[in-house]
Amino acid sequence: MSIDEQTALLVIMHRRLSDRRRTEIAANIAQGKQDYQSGKVFRGTVNEAIAELKIIR
């Protein structure tokens, strides 16, 4: 493969990886929104979070 072909291949691979990561991030955002709407997300201060973790143990 020539250097130009190798460069083109790297560009294609980089774009595909970027697209895949973008899709993963979008899925994580959608899941986060769903968790928030269903009340599965903890909201509070750091001290409240620590206290909650101590209760769970």
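**View 1. The whole chain and its surface.** The chain exposes about 5,600 Å², and carbon and sulfur atoms supply 57% of that area (accessible areas come from the Shrake-Rupley method with a 1.4 Å probe; for residues, only the protein chains shown count as cover). Keep in mind that this is a predicted model, where local features need pLDDT of at least 70, side-chain atom pairs count only at pLDDT 80 or more, and totals for chains, interfaces and linings use all residues. Residues are numbered from 1 along each chain as its sequence is written, and side-chain values use heavy atoms, leaving out hydrogens and water. The C-alpha trace spans about 60 × 20 × 20 Å along its principal axes. Of the 57 residues, 0% count as buried (buried means under 20% relative accessible area, exposed over 50%, partly exposed in between, with a 1.4 Å probe and protein chains only).

**View 2. A salt bridge between Arg 22 and Asp 19.** Zoom in on helix H1, and you'll find Arg 22 and Asp 19 about one helical turn apart, because they sit 3 residues from each other. Their closest N and O atoms are 2.7 Å apart (a salt bridge is a side-chain nitrogen of Lys or Arg within 4 Å of a carboxyl oxygen of Asp or Glu). Arg 22 counts as exposed because its relative accessibility is 52%, while Asp 19, at 41%, is partly exposed.

**View 3. A salt bridge between Arg 21 and Glu 24.** The structure holds 2 salt bridges, and this one joins the side chains of Arg 21 and Glu 24 at 3.1 Å, N to O. Arg 21 is partly exposed at 44%, and Glu 24 is partly exposed at 38%.

**View 4. Met 13 in a nonpolar patch.** Met 13 belongs to helix H1, which covers residues 3-37. With 38% relative accessibility, Met 13 counts as partly exposed. Together with Met 1 and Leu 9, Met 13 forms a nonpolar surface patch of about 320 Å² of accessible area (patches are made of residues with over 30% relative accessible area and no salt bridge; like charges are joined within 9 Å, nonpolar side chains, meaning Val, Leu, Ile, Met, Phe, Trp and Tyr, within 5 Å).

Methods. Helix = DSSP H or I, 4+ residues; strand = E, 2+ residues; numbered from the N terminus.
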